[in-house]
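Me: Please go through this structure with me, one question at a time. Keep the terms defined as they come up.

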Amino acid sequence: MRGKSLLVLLLLAGATVRAQQIEVVSPQPDNVSVTIYRDLFALVTETRTVDLPEGPVTVSFEGVVETLLPASAVATDIGRPLAERNFDYDALTPNNLLARSIGKGVTIMRTLPGSGKVAQVRATVVAANDAGITLRTDQGNEVLHCSGLPEHLTFDEIPGDLHARPKLSIQLAAGQPGKRTIRLSYLARGFAWKAAYVAHLNNTGNRMDLTAWITLQNLTQASFRGAQVQVVAGKLHLLAEENRGTSLTGDSDDYYDESSMDEAREEARQRLASELEPKDPTLQLFSGCYALPIPPEREDRHFEEMREIIVTGFRASAAAMEMKRDAMGIVQAVREELGDYQLYRLPLPTDLNARQTKQAVFLVKPRVKVERFYRFDYDVRWDRSPERTTPESMITFENRKASGLGEPLPAGLVRAFEIHGDREVFLGEASMRDKPVNLPVELGVSKAMDLGLEIDAPSPEVEEVRELKLQDRVDVEVRAFNGKSKPVTLEFRQPIEDDSVTSNSTDLFRRKDGKLVWRLRVPANGTYVLNYRVDWPLPPMDPSN
Amino acid sequence: MLIRPLLFSVGLATSAATALGADASPDREISLTIYNKNIALIEHVRPISAPSGRQRIEFAGVSAQIVPETVSFVAPNVQLIEQNFDYDLLTPAKLMEKAVGSQVRLVRVNPATGAETQETAEVLSTVGGVVLRIGNRIEVLREDNLPTRVIFDKVPENLRAQPTLSVLVNAAKPVKETARLTYLSRGLDWAADYVAVFDEARSVSSFQGWITLKNVSGTSFANARTQLVAGDVNLAESEQEWWNHFQQRRNSNQRAMGTESSGRQQLGDYYVYPIKQLTTIANNQTKQVSFLDADAVKATKGYEISFYGFQSNSDPQSVESRMRFSNSKAAGMGDQLPSGVVRIYMRDARGQPQFVGEDHIGHTSAGSELALKIGDAFDVTVQPTLLATRRITRRKTEYDMSYLVRSARSSASVVTVRQFGLWRENSVIKESIPGRRVDSSSFAWDVPVPANGEAVLTFTISNGW
């Protein structure tokens, strides 16, 4: 009951403060478009119709996302000069309400324990802070909630600069009166999306059916009805929050690889998800009473009415949350180029509700040509001790039309499944970086089973190496053991070392991407042995020395 | 000596509502000069009338983030004795502590009838509970959990609801003067924010500049005369700030310094952006005022990538996409740009601007050339391969590098590949396309790459010291 009457007071207070200037309120957008980025924010673009009077006017936009970044707000198509733009977020909370009531009159409502009658006493707020509320009445000075009586305050009005919800407003100069459609756009935090891929390999392991999904998430309390939703795959240059930028994970330039950036994003996403969760609006005010503690159940009852004041703001979104949980319909997104990025658009307007996760397919490619083999990377300079190890099981493909693909592939997790007899088996997963068209893709999905390697790399005695006029020499022997009933391909790779010379190899090798690559065929239930030598010559004499 | 406190409300004593009324009178003024280093100079001008003699004047409603040592109070015929900034906050516990040794009144309510009984008590101790003497008995307050209210006759003078600034002054005769109070405060900051809508096809970009003013000082300022100063005011810096500055210098996106003057108002070495009308800056408000609107500034897109050593990488690296423009008059802008963040937008297939990236600019004189980083290109990559190294002498090595540039874009592009990692004596021995020396520690090659195709840049560098 009280919650309602206070809400009315709030509106009245809002109206009186802006008395000098006419205020036009736009309660909600006509149309909204949400573009979600991988960096935990979205661009919200709204169109709103307002009826402007001829004189100077303040236009207030209600129902903007609470997490909006004020500096990013842009209002266009207004048709008259814009004097200033304000974003007010002095939220109407019990603490703020009390802090603004210092020196003002309030009424203490005391419930008498025996009769249940409520006694009303007028008081002035002397001080209100985290430690308690001090009041002056006709009797003298006393502290609220320190009496042990059920008591609470009622306020005469809400200070005009406290807002139930954050408010974005623009002040316009005088101009042509009439209806106008204003476009409002702003960046808001609390949105995320990721790509995920499902690869079904066929029996022979030379083709896969690839399905790609967009999983997008709205972590905020805002719900968007009939929104145009799109996601952007791109590595944007972003600045850290502390440098007045948009990123919650620091300057994008500070990341040298994508996996650390992904980790930081995931961490920030979880942090944000819990920050944006609806909070239990419990008051923290009345802890510092000098007397014995008040039994907690009684204390709770005191706050009930206060709580209602702030809950008002949450109610709408809580109701929206319950609406349409079944809106997780599946639609296929359409790709277009946006500058140097890829943009995927959900083809139909959709409801994007508060705290909702939505999925859409953006790619279906059957029978993509793949190759499966096993791989091991060997760093001859550092890994000299004999070792027994396991190669990785790889799935590779060319992202080309000729292979049945040829589509930009945004970074994401690829989960691979294989058909064994009539059953599907999960092979493993690998994270893939952004892959433009024409680039080869290599995914290490698991460690090999029934395929082992022994590497032995002895070096001659130091005297012998010196006699050979070498800095170092190593004779590598690689023994591959295949316990499978079919032959397998093993790629053995070694980075090209400065000045090193590889010779005496028992197999052909080639250079690729700064590595030496041996492609070995290990027979079914058999072994295969590779031998080669690496020499490091002495450094040349410096003629200038 | 009797010190009479005189409440002198300089701004919003307690709330915006009273202040709006109070500040309507024309003889009261507040002016704010806000620097973009989270510091502001605040000046209150108010009439005072005071009797003669020594007295304390209190200023409620000054910024809660006042830097007290910067306060200056000037009023003709009033002599300043001392200045105080009191933080001793009025809390229930303090109220009781300060009542030790003095009398309070206890009001007890009969739960059945609601009848009140009053008693006078002396507070003996407040350590771990309140011990009282009532008549000649000693009691612990509310040990019985029965409702008992404690009433204090007065609130100690030096306990305050809010941090309060006060001055102790002496007036030789009764005065009716205009007083001027100035001080520096934290919690008020501004920066420029730019919105650039880049039209790549037409090679132009629009620029809108906004001054974004943020008030987190804890205080609202009503009808203030406000001016913003752009420039690097020297403030003692933290290590973090120094590091940020260093990073900004190192990753500068300013390619050439400008030498044009703009028509802006100057104050010493700084530029001043006055806000035309009186404005109310509420606490926790972000206010934006437009200061730049350029429709069509020439702008082009370029791809760049830098390598800081001679290494192979089996993962192709995305190239940087940059927007290059000049804030010169000839290019369509002709204005200096205060430090801030530029957010770049491009239009999607439906013509709706979409956000594509942001970059920071320093204070930039008119006529400068800038290359703002938008982001990494999805479809253009470079893969480095170290083909061979040869040690020529102990101090000189030759590197054969190959850079494979791939593009999946539907139009031809040019990628600028920049090679760092050079020592004192360096030269290019062989190159597949002519390059150029950028500075003592880098070379650059502009590699044309066809639509949906590849190009290879190879070169040999002799590097030594």
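Reply: Two strands pair if DSSP finds at least two bridges between them. Helices (H or I, at least four residues) and strands (E, at least two) are DSSP runs, numbered from the N terminus. This is a predicted model, in which local features need pLDDT of at least 70, side-chain atom pairs count only at pLDDT 80 or more, and totals for chains, interfaces and linings use all residues. Residues are numbered from 1 along each chain as its sequence is written, while chains are lettered from A and ligands numbered from 1 in the order in which they are written.

Me: Over how many bridges do strand β25 of chain A and β26(A) pair?
Reply: Strand β25 of chain A covers residues 412-420. Within β26(A), A:Val425 is the bridge partner of A:Glu418. The pairing of β25(A) with β26(A) is antiparallel, and the number of bridges is 9.

Me: Which are the edge strands of the open sheet of 5 strands in chain A?
Reply: The order in this sheet of chain A is β21-β15-β14-β25-β26, with mixed pairing. An edge strand here pairs on one side only, and that picks out β21 (356-369) and β26 (423-432) of chain A.

Me: Which strand gives the largest share of the side of chain A that touches chain B?
Reply: Two residues are in contact if their C-beta atoms, placed from the backbone, lie within 7 Å. The contact involves 90 residues of chain A and 94 residues of chain B. The largest share on the chain A side is 6 residues, and it comes from strand β6 (residues 82-88) of chain A.

Me: Which residue of β21(B) is the bridge partner of A:Asp88?
Reply: β6(A) pairs in the antiparallel sense with strand β21 (residues 285-307) of chain B, over 4 bridges. For A:Asp88, the bridge partner in β21(B) is B:Gln285.

Me: Is B:Gln266 buried, partly exposed or exposed?
Reply: B:Gln266 sits in strand β18 (residues 265-267) of chain B. A residue is buried if 20 or more other C-beta atoms lie within 10 Å of its own, exposed if 12 or fewer, and partly exposed in between; C-beta atoms are placed from the backbone. Because B:Gln266 has 13 C-beta neighbours inside 10 Å, the class is partly exposed.

Me: What percentage of the residues of chain B count as buried?
Reply: Chain B has 3 helices and 31 strands. Among its 465 residues, the share that count as buried is 39%.
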